[in-house]
Amino acid sequence: SPLFRPACTRRRSSTLCSPSRLTGVRSLAGYVRGQSGQMIAVAIVVNSEQAGAAVPALDKFIEWVRQHG
């Protein structure tokens, strides 16, 4: 199953995350179901002119939370 689901998805078993984009900002907030089965709240904000370059790091962070949560 996908790591992310749109915030408008209301399935109880889903990971719910909502990415946003502003000039010079990348953010991701929502919930990730860890391997333990626990839902973990996450919120990440990158504020930089090169914020777009942070997208791979955001993806890796979410995967880390999923694996270790």
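Here's a quick briefing on the fold, the core and a couple of residues worth a look. Keep in mind that this is a predicted model. The protein has 3 strands and 1 helix, laid out along the sequence as β-β-β-α. Its largest nonpolar core is made up of 8 residues.

**Overall picture**
- Out of 69 residues in the protein, 28% come out as buried.
- Take the contacts between residues at least 6 apart in sequence: 29% of them join residues at least 24 apart.

**The core**
- Leu-28, Val-32, Ile-40, Val-42, Ile-44, Leu-58, Ile-62 and Val-65 form that largest nonpolar core.
- Strand S2 (25–33), strand S3 (39–47) and helix H1 (55–68) are the elements that each put in two or more residues.
- In soluble globular proteins, nonpolar side chains tend to end up buried together.
- Leu-58, one of the core residues, touches Arg-26, Ile-44 and Val-46 once you set aside its neighbours within four places in sequence.

**Leu-22 on strand S1**
- Leu-22 sits in strand S1, which covers residues 16–22.
- Ala-51 lies 29 residues away from Leu-22 along the chain, with 9.5 Å between their C-alpha atoms.

Technical notes:
Residues are numbered from 1 along each chain as its sequence is written. This is a predicted model: local features need pLDDT of at least 70, side-chain atom pairs count only at pLDDT 80 or more; totals for chains, interfaces and linings use all residues. Side-chain values use heavy atoms; hydrogens and water are left out. Helices (H or I, at least four residues) and strands (E, at least two) are DSSP runs, numbered from the N terminus. Buried means under 20% relative accessible area, exposed over 50%, partly exposed in between (1.4 Å probe, protein chains only). Contact means heavy atoms within 4.5 Å. A nonpolar core is a set of buried Ala, Val, Leu, Ile, Met, Phe, Trp, Tyr and Cys residues joined through side-chain atoms within 4.5 Å.
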